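Good morning, and thank you for making time for this presentation. Please bring up the structure, and I shall take you through selected parts of it.

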Amino acid sequence: MMSKSPVWHPFTQHAVQPEAIPIARGEGAWLEAADGRRIFDAISSWWVITHGHRHPPIVQAIKAQADKLDQVIFAGFTHEPAEQLARRLVAITPPELEYVFFSDSGSTSVEVALKMALGFWRHRGEHRARILALQGAYHGDTIGGMSVGERGVFNAPYDPLLFAVDRIPFPERGREQVTFDALDAACTAGGVAALIVEPLILGAGGMLIYPPAVLAEMKRICERHDVLFIADEVMTGWGRTGTRFACEQAGIAPDIACYSKGLTGGSLPLAVTLCRGDIFDAHYSPDRTRTFFHSSSYTANPIACAAALANLEVWDNEPVMQRIDALAALQTRKLDRFRTDGRFENVRQLGTIAALDVVAGDAGYMANIGPSLHEAFRARNLLVRPLGNTIYLMPPYCSTEADLDLVYDAIDGIVAGLA
Ligand SMILES: *Cc1c(COP(=O)(O)O)cnc(C)c1O
């Protein structure tokens with residue numbers, strides 16, 4: 001018998017959740033447990049794996065970079081992988097986005113975005129310090145990320161540390177005007193630095209989808225009021241929603257954009273915050289107090305940057321968009337059987353992401369049904385982690401029809417077993 005593990009796991013209630021499964025290997029869309037069990041990774045290991053685990057060109061790039069330069073301070077020094085990556089990112093994103101700031105996680109990329117927005121207005125001499133955010137949003141678990149995210153059970157104990165934001169109602173279908181009016185009113189009230197949104201889909205908030213035209217209209221309203229528009233593409237980026245970035249579907253260029261998760265194909269932690277030229281310029285001054293005072297020890301780690309560069313090459317050299325289209329089409333077909341099934345509601349899809357709600361006595365993230373669903377999938381060697389009564393699939397792009405059949409059959413069987 002091994003002694004009790006000292007590890008404290010994320011988003012895990014150790015008092016009621018079963019022991020963590022030791023994973024020894026990963027390949028493609030599958031994980032292999034230490035005891036040899038194979039587990040289908042239907043949520044891409046928390047939304048990060050895009051092409052598959054250990055995608056060969058990315059693994060190679062990591063090995064090659066580890067042999068050259070592991071880490072170097074990024075203030076006063078730079079390196080080829082970061083320089084190249086920044087150039088490539090600027091080339092594939094809207095022309096308005098001219099500068100790239102590196103960090104280590106989605107949460108920190110959001111912190112950087114918020115700090116850029118407040119710094120911009122302060123250095124321009126305008127008093128704008130309020131942030132607008134969508135109801136139900138999730139932007140990470142650091143203090144700033146929690147502040148702009150939905151308040152609730154996740155962050156209640158930390159509430160005294162969180163700053164106030166103006167909350168804009170989620171654009172419910174048929175009630176989009178309510179969102180537009182609220183956004184316009186909040187902007188008109190003045191003092192607003194920025195609006196932060198998850199474009200097209202609220203992820204952790206329950207896979208809630210809204211159309212590109214609504215995203216475009218929110219951007220137009222912000223423009224009218226000179227309010228900076230921050231797109232948190234941490235989850236939506238890198239093909240998840242059917243296009244490389246979700247904002248492409250709305251034909252908009254954000255003023256600030258955050259990318260992480262799939263940036264390295266899911267291999268290593270890395271994040272970037274891209275911004276408009278004038279946001280950089282507002283900090284550019286002989287006055288050193290205008291420096292952008294943000295850093296983390298591992299800013300632009302060379303190995304992580306090499307992995308991200310390799311990911312961009314995969315996008316150039318492999319039929320990534322075709323794989324995404326094929327996976328999206330599969331999801332559409334597989335969801336079909338549940339569209340008229342009374343046990344489910346809100347059957348929905350955006351690109352490679354499929355979601356449906358189990359009709360249950362209670363809904364929302366703390367729905368009692370959540371943990372039982374999770375365990376039932378786990379017993380079938382499927383990594384599916386429902387958000388309360390919302391079951392969603394966000395598999396790697398290399399997943400096959402047979403892989404998906406395993407999950408869709410399990411959904412059917414497990415929910416039948418709950419009745
Ligand atoms: C996951 C996520 C984050 C936080 O990213 P981490 O890498 O977990 O810190 C922020 N915003 C969105 C939309 C996310 O999905």
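Let me start with a question: is S297 buried or exposed? Please bear in mind that we are looking at a predicted model. With a relative accessibility of 65%, S297 counts as exposed, because the threshold for that term is over 50%. S297 sits in the loop that joins helix 9, residues 277-283, to helix 10, residues 302-317.

The unreviewed UniProt entry lists G106, S107, D232, S296 and S297 under "binding site". These positions span 192 residues in sequence, and the farthest two C-alpha atoms are 22.9 Å apart, so the listed residues do not all gather at one spot.

Let us turn to the ligand in the model. Which residues surround the ligand? They are W47, S105, G106, S107, Y138, H139, G140, E198, D232, V234, M235 and K261. A backbone N or O atom of G106 is 2.8 Å from a ligand oxygen atom. For S107, an N or O atom of the side chain lies 2.6 Å from an oxygen atom of the ligand. D232 places a polar side-chain atom 2.7 Å from a nitrogen atom of the ligand.

Beyond its neighbours within four places in sequence, G106 is in contact with V234, S260 and A271.

Helix 4 covers residues 106-123, and H123 is also part of it. H123 is buried, with a relative accessible area of 17%. If we set aside residues up to four places away in sequence, H123 touches A282, H283, T289 and R290.

Next, consider F102 in strand 4, which runs over residues 97-103. At 4% relative accessibility, F102 counts as buried. Its contacts, again without residues up to four places away in sequence, are F74, A82, L85, A86, L270, A271, V272, T299, A300 and C305. By contrast, the C-alpha atoms of F102 and A15, 87 residues apart along the chain, are separated by 37 Å.

An α-helix has 3.6 residues a turn, so residues three or four places apart point the same way.

Buried here are D403, L404, V407, Y408, A410, I411, I414 and V415. Down the axis of helix 13, the buried residues fall within an arc of 155 degrees, so they too line one face. On the other side of helix 13, A402 and G417 are exposed.

How values were computed. Residues numbered from 1 in each chain as written. Predicted model: local features only at pLDDT ≥ 70, side-chain atom pairs only at ≥ 80, totals over all residues. Heavy atoms only, no water. Helix = DSSP H or I, 4+ residues; strand = E, 2+ residues; numbered from the N terminus. Buried < 20%, exposed > 50% of the residue type's maximum accessible area, 1.4 Å probe, protein only. Contact = heavy atoms within 4.5 Å. Arc of directions from axis to C-beta. UniProt positions renumbered as here; feature names shortened; annotations may be inferred. Near = heavy atom within 4 Å. Polar contact = N/O pair within 3.5 Å; in protein donor to acceptor, adjacent residues only side chain to side chain.
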